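Please look through the structure shown here. The briefing below goes topic by topic.

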Amino acid sequence: MTLKIYNTLTRSVDELVPGGIKKEQISDYPPVTIYSCGPTVYSYAHIGNFRTFMFNDFLRRYLRFRGFRVDHAMNITDVDDKTIAGSIREGMTLREYTEKYTAIFYEDLATLNIEKAEHNPRATESIDEMVNILRLIDSRGILYEKEGSLYFNIAKFAGYGKLSNLDSSGIKAGARYDADEYEKEDVRDFALWKAPRDNEPCWDTPYGPGRPGWHIECSAMIRKIFGSTIDIHTGGVDLIFPHHENEIAQSEAAYGERFVRHWIHVEHLLVDGAKMSKSAGNFYTLRDLLSKGYSPRSIRYLLMSAHYRKQLNFTLEGIRQADQALERIDNMIVRLKDVRNESGNSTELHDLTAGMKARFVEAVDNDLNISAGLAVFFDFITAVNTLISADKLSTADAGMVMDSLREIDSVLGFIFYGNDENDADSGRIDALVRERIEAKNNRNFARADEIRDLLRDEGVILEDTKDGTRWKRKKS
Ligand code: AMP
Ligand code: ZN
């Protein structure tokens with residue numbers, strides 16, 4: 001079986017070939033080099049952003065599950081139009097301002113059980129490499145200066161538009177853009193380096209003082225970390241144009257070699273049919289949801305369970321459905337722990353777990369189709385429950401099922417995470433916690449206290465924090 005993933009550049013589902021050389025033995029492959037556009041740290045990330053970051057986490061976990069090694073970088077965009085505007089608004093230095101939101105971002109990743117990448121560069125630490133790109137592009141005659149800013153002359157780069165499938169007839173030769181973000185219909189020369197403006201931070205370079213455009217930052221960090229062509233570049237679909245198109249143009253023009261083998265773009269998280277975004281105001285941060293009593297585990301399940309190339313409509317009902325799915329898993333774990341039979345049918349169990357893993361891999365190898373993979377996994381749960389009900393499972397068999405759950409959880413990260421060590425009651429407790437929050441909001445304090453007392457009698461302690469209500473079991 002081979003892992004195939006849709007490549008935005010070729011517009012086909014291509015085999016993943018790390019290092020670009022086909023080999024017979026997967027174990028011989030070099031690490032898969034991955035770069036993911038990270039957050040622009042000007043505010044709290046919303047859960048639309050976390051859909052994309054969750055995908056990155058799933059990708060790296062699945063690659064490891066399939067025997068690949070992974071070398072992954074995710075940057076922090078700590079200088080761009082939005083971070084500069086925010087720091088000026090809040091009267092902080094750019095560094096103070098972006099550090100604040102970077103720390104919050106890493107906390108949120110940990111809350112969602114998203115692994116940290118091997119490299120976490122900040123854009124402002126790669127200014128030297130950006131200057132190097134400017135120098136190389138300049139030496140090829142593709143760069144020009146206008147009022148202290150430097151622009152990329154897209155008419156001089158033959159491959160411009162290959163990622164986003166631009167119709168070159170729309171290209172307005174000689175017209176320029178200073179903003180980092182603009183629409184496909186407005187394709188123009190873009191700013192590589194921006195002239196200093198009042199109040200804006202700036203860096204001295206042989207080209208004069210200024211600060212980077214957003215696109216050159218990723219090109220520079222990728223070169224600095226990986227040195228040459230990388231295997232995979234990821235981001236949300238909104239980054240295909242202009243960000244990734246411009247990254248390709250700068251990097252390929254500067255270094256004269258292929259920039260990225262495999263481009264992977266994640267579809268949007270929607271709210272009522274529209275992209276969740278800060279500018280539209282239709283967003284939830286992770287902390288908004290936690291303060292309503294939803295658990296990070298359910299949010300992880302929800303964000304993870306849809307295929308990355310399908311839009312995902314976000315609803316609170318969707319989180320409740322995630323709770324129910326998790327409850328099915330938790331219930332089976334409790335039943336497994338209750339198995340007392342010494343004799344069972346280990347051969348049948350062995351075939352069942354091996355079959356589940358093989359079918360899971362077959363499903364997910366097909367363009368990372370996790371929803372098909374989860375269907376296989378839930379069929380397995382049904383089959384195990386049937387065996388338990390028929391009293392056909394031994395304690396050794398139950399152990400085998402637990403081992404396979406741990407293996408699959410290395411990809412999913414929600415079976416054992418945040419359920420208080422397989423607390424079978426987490427779904428019910430989460431629901432009570434939510435009911436208590438609603439009761440408090442409705443000033444029904446009697447019911448709120450009743451719920452707290454009820455849970456306390458069960459050994460569950462509630463902690464009201466500024467980020468919401470958490471619960472934990474009292475250690476005996
Ligand atoms: P930003 O912090 O705006 O640079 O975005 C960080 C990442 O989140 C990028 O990869 C975006 O493409 C992605 N993103 C932004 N909005 C959404 C959304 N509604 N659904 C999924 N991904 C998104
Ligand atoms: Zn980027």
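Strand β8 (residues 189–194) is mostly covered, with six of its six residues buried. Buried means under 20% relative accessible area, exposed means over 50%, and partly exposed lies in between (1.4 Å probe, protein chains only). Helices (H or I, at least four residues) and strands (E, at least two) are DSSP runs, numbered from the N terminus.

This is a predicted model, in which local features need pLDDT of at least 70, side-chain atom pairs count only at pLDDT 80 or more, and totals for chains, interfaces and linings use all residues. Residues are numbered from 1 along each chain as its sequence is written, chains are lettered from A and ligands numbered from 1 in the order in which they are written, and side-chain values use heavy atoms, with hydrogens and water left out.

**Pairing around β8**

- Two strands pair if DSSP finds at least two bridges between them.
- Strand β6 (residues 149–152) runs antiparallel to β8, and three bridges join them.
- Within β6 and β8, L150 stands opposite W193.
- Strand β7 (residues 176–177) pairs with β8 in the parallel sense, over two bridges.
- Y177 has F190 in β8 as its bridge partner.
- Strand β9 (residues 211–212) pairs with β8 in the antiparallel sense, again over two bridges.
- Here K194 stands opposite R211 in β9.
- K194 and R211 also belong to a network of salt bridges, together with D81, D180, R197 and E200.

**The four-stranded sheet**

- An open sheet of four strands has the order β4-β3-β10-β11, with parallel pairing.
- Its edge strands are β4 (70–74) and β11 (260–266), and each pairs on one side only.
- Neighbouring strands of this sheet are turned by 20° against each other on average, direction ignored.
- Axes are lines fitted to C-alpha atoms, for helices over the stretch in contact, and angles run from 0 to 180 degrees between N-to-C directions.
- Strand β10 (residues 230–236) pairs with β11 in the parallel sense over six bridges.
- One bridge partner in β11 is H265, which pairs with G235.
- Helix α5 (residues 214–226) packs on the sheet and touches β3 (32–36), β4 and β10. Contact means heavy atoms within 4.5 Å.
- The direction of α5 makes about 155° with that of β3.
- Strands of a sheet pair through backbone hydrogen bonds, either parallel or antiparallel.

**The zinc site**

- Which residues coordinate the zinc ion (ligand 2)? They are C37 (SG), C218 (SG) and H243 (NE2), at 2.0 to 2.2 Å.
- Along the chain, the donors of this zinc ion follow the spacing C-x180-C-x24-H.
- C37 lies in the loop between β3 and α1 (47–65), and H243 in helix α6 (residues 240–255). The pair links distant parts of the chain, 206 residues apart.
- Both C37 and H243 are buried.
- Donors are N, O and S atoms within 2.8 Å of the metal (3.2 Å for Na, K and Ca); water is not among the atoms, so sites may look incomplete.

**Salt bridges**

- A salt bridge is a side-chain nitrogen of Lys or Arg within 4 Å of a carboxyl oxygen of Asp or Glu. By this rule the count comes to 33 salt bridges.
- E317 forms a salt bridge with R320, and their closest N and O atoms are 3.2 Å apart.
- Both E317 and R320 lie in helix α9 (residues 316–338), three residues apart, about one turn of the helix.
- E317 is partly exposed at 37% relative accessible area, and R320 is partly exposed at 32%.
- R359 and D379 meet through their side chains in a salt bridge (3.8 Å, N to O).
- That pair links distant parts of the chain, with R359 in helix α10 (residues 346–365) and D379 in helix α11 (residues 370–389), 20 residues apart.
- R359 is partly exposed at 41%, and D379 is partly exposed at 48%.
- R456 and D453 form a salt bridge (3.5 Å, N to O).
- Helix α14 (residues 445–457) holds both R456 and D453, three residues apart, about one turn of the helix.
- R456 is partly exposed at 47%, and D453 is partly exposed at 28%.

**Domains**

- The domain assignment gives domain 1 (4–275), domain 2 (325–410) and domain 3 (424–476). These bounds come from an automatic or database domain assignment.
- The centres of domain 2 and domain 3, taken over C-alpha atoms, are separated by 31 Å.
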